[in-house]
Amino acid sequence: MTARDEYCPLTRSLDLFGDRWGLLVVRELLRGVSRFNELERSLPGISRSTLAQRLRHLENKFIVLRRILGDGRGTEYELTDAGRDLTRVLDAMGAWGVRWLVPHRRPSEIDPDGLMQWIRRHVILGELPAQRVVIRFELLGRSRRYFWLIMRTGEASLCPEHPGFEEDVFVTAQPIDLYRLVVGQQSLAQAMDEGTVRVDGPPVLVRSLPRWFLLRASGPPIAAGSSPG
């Protein structure tokens, strides 16, 4: 007989997801992305056929629900209770990745455009307010750069030029310090206390940033793991 660890919950969980795309689809659904085309744009590198296959598989395993819109003009996807319960799994994997896999980059290694695109793709769309919020990012360095993030419930867009809307929140930082903040190597409170990241704006909006960007509001940084030897 071929031995197979079919009674192990971890083995069965790994069998369910198979590769990275399954959990990344869940991550996008958790942050509020619900349409097929939006999911494809949010997952660089995935093909439409792979995305369709993963969604069907997650639906068959009762992780995802597919819902036809009332006007019959589209389809939305949402997580079941089992899917939403994966939040803790993804949080734990993310913290482990910060501790052991995220390198301490040099300032010259941080590309402002790539960093801001990454930040835009990780906005928690379902947590955004109905009223438009405009955040201006001022990235310091040898060449000062400005970016504007325009957000409201269900959508977030990034502009390299002033969008013509009134700015609500101002974030100023070196690219390396903003990078450390958004990957969890610093909390927002620590970065602001140390002056590595400056945030100006109405207190209610500043307090909302961790919820919108999955930042740690306070507490010590996630310590980097030490290599053996």
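**Exercise 1.** How do the residues of the lining of the largest pocket divide into nonpolar, polar and charged?

*Solution.* The model is a predicted one. Start with the space itself: the largest pocket has a volume of about 1600 Å³. Next, take the residues around that space. The lining holds 44 residues, and R27, L90, G94, W118 and H122 are the closest to the pocket centre. Then trace the lining back to its elements: α2 (20–30), α6 (87–100), α7 (112–121), α8 (175–182) and α10 (203–213) each give two or more residues. The largest share, nine residues, comes from α6. Last, sort the lining by class, which gives 27 nonpolar, eight polar and nine charged residues.

**Exercise 2.** Describe the second largest pocket and find which element gives the largest share of its lining.

*Solution.* The volume of the second largest pocket is about 390 Å³. Its lining consists of 16 residues, and those closest to the centre are S13, F17, L23, L86 and V89. Two or more lining residues come from each of α1 (9–17), α2 and α6. Of these elements, α1 gives the largest share, with five residues. Sorted by class, the lining has 10 nonpolar, two polar and four charged residues.

**Exercise 3.** Decide how α2 is oriented relative to α4, and list the residues that meet.

*Solution.* Two packed helices are described by the angle between their axes and the distance between the axes. For α2 and helix α4 (residues 48–60), the angle is about 75° and the axes are 10 Å apart. Angles of 65 to 115 degrees count as roughly perpendicular, so α2 is roughly perpendicular to α4. On the α2 side, the residues in the contact are W21, G22, V25 and V26, and they meet T50, L51, R54, L55 and L58 of α4. By class, this contact has six nonpolar residues, two polar and one charged.

Notes: Residues numbered from 1 in each chain as written. Predicted model: local features only at pLDDT ≥ 70, side-chain atom pairs only at ≥ 80, totals over all residues. Heavy atoms only, no water. 1 Å grid on protein atoms, 1.4 Å probe; cavity = no way out; pocket = protein on both sides within 12 Å on 5 of 7 lines; lining within 4 Å. Points joined across faces, edges and corners; volume = space filled by probe spheres on them. Helix = DSSP H or I, 4+ residues; strand = E, 2+ residues; numbered from the N terminus. Nonpolar A, V, L, I, M, F, W, Y, C, P; charged D, E, K, R; others polar. Axes fitted to C-alpha atoms, helices over the stretch in contact; angles between N-to-C directions. Parallel < 35°, antiparallel > 145°, perpendicular 65-115°, else oblique. Contact = heavy atoms within 4.5 Å.
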